[in-house]
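Here is a friendly walk through one model, from its sheet to its helices and cores. Have the viewer open as you read.

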Amino acid sequence: MLHFDVMDGDFVPNFGISPPFIAAVRQITQIPFDVHIMVTHPLRYIDALAAAGANIITFHIESADNPETVISAIKAHGIKSGLALSPKTPISAVIPYLTDIDLVLPMSVEPGFGGQAFQQNALEKIAALHQITPKLKHPLDISVDGGVTTEIAPLAIRQGATILVAGTAIFGSKQPEVIIETLRTATT
Ligand code: ZN
């Protein structure tokens with residue numbers, strides 16, 4: 001999958017990636033787009049992101065809009081929905097919504113900037129979420145985003161992560177294809 005970090009300069013102190021950018025990339029590939037929106041009002045952007053080609057839209061539980069409303073808006077487009085939580089947010093904040101979403105994303109860095117070191121408390125959150133997933137009636141992916149490296153990957157998988165998001169580890173490497181393959185084949 002290709003993971004896009006959409007930032008509005010308000011929810012996070014940084015800007016990045018607009019729906020037209022995603023639509024432009026969609027013109028050249030059909031691989032799944034995992035769109036992670038770090039914005040104050042996610043509801044405003046769902047239609048545009050779905051039209052741009054998003055297959056999964058993940059928004060933050062800390063954002064201002066009602067989570068159920070946002071999840072419904074995403075589902076109305078027939079695409080998958082996800083909930084992200086920042087490092088300081090406990091998993092109890094997302095538990096009420098796990099039956100309605102396809103993906104949960106405990107962030108392992110503060111949202112907004114690449115290049116940060118992985119925060120170990122994300123591993124505990126992954127493990128706690130992994131305990132809950134068998135009790136749900138549908139599959140729930142556990143994604144981890146922020147500071148994921150080839151060293152971190154096995155630790156996250158061991159706790160139950162099913163999707164690894166890597167930016168700096170791949171784009172900062174002279175051999176990105178080797179890093180991607182190492183991450184894809186990582187096991188505990
Ligand atoms: Zn992200």
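Predicted model: local features only at pLDDT ≥ 70, side-chain atom pairs only at ≥ 80, totals over all residues.

A residue counts as buried under 20% relative accessible area, as exposed over 50% and as partly exposed in between, with a 1.4 Å probe and protein chains only. By that rule Pro67 is buried, at a relative accessible area of 12%.

Residues are numbered from 1 along each chain as its sequence is written, and side-chain values use heavy atoms, with hydrogens and water left out.

**The sheet**

Helices (H or I, at least four residues) and strands (E, at least two) are DSSP runs numbered from the N terminus, and two strands pair if DSSP finds at least two bridges between them. Here eight strands make an open sheet of mixed pairing, ordered E2-E1-E3-E4-E5-E6-E7-E8. Strands E2 (15-16) and E8 (163-165) are at the edges with a single partner strand each, so one side of each has no neighbour in the sheet. E1 (residues 2-8) and E2 run antiparallel and are joined by two bridges; Asp8 has Phe15 in E2 as its bridge partner.

The loop between E2 and helix H1 (19-26) holds Ile17. Although Ile17 is not a glycine, its phi is positive, about 65°. Most residues other than glycine have a negative phi. Ile17 is partly exposed, at 31% relative accessibility.

**Helices on the sheet**

Contact means heavy atoms within 4.5 Å. Angles run from 0 to 180 degrees between N-to-C directions, and axes are lines fitted to C-alpha atoms, for helices over the stretch in contact.

| H3 (residues 67-75) | E4 (56-60), E5 (80-85) | about 170° to E4 |

Which residues of H3 are buried? They are Pro67, Val70, Ile71, Ala73 and Ile74. Seen down the axis, these fall within an arc of 160°, so they line one face of H3; the arc is that of the directions from the helix axis to the C-beta atoms. Their packing partners are helix H2 (46-52), E4 and E5. Pro67 itself, leaving aside neighbours within four places in sequence, is in contact with Phe59, Ile61 and Tyr97. At the start of H3, a side-chain oxygen of Asn66 comes to within 2.8 Å of the backbone nitrogen of Glu68.

In H5 (residues 152-159), the buried residues are Ile152, Ala153 and Ala156. Their arc around the axis is only 100°, which puts them on the same side of H5. They pack against H4, E7, E8 and helix H7 (176-184). After H5 comes Gly160, with a positive phi near 120°.

**The cores**

A nonpolar core is a set of buried Ala, Val, Leu, Ile, Met, Phe, Trp, Tyr and Cys residues joined through side-chain atoms within 4.5 Å. The largest one has 50 residues, and Ile22, Val35, Ile37, Ile57, Val94, Leu98 and Val104 have the most contacts inside it. H4 gives the largest share of this core, five residues. Not counting residues up to four places away in sequence, Val104 touches residues including Leu83, Leu85, Leu129 and Ile142.

Definitions and conventions. Polar contact = N/O pair within 3.5 Å; in protein donor to acceptor, adjacent residues only side chain to side chain.
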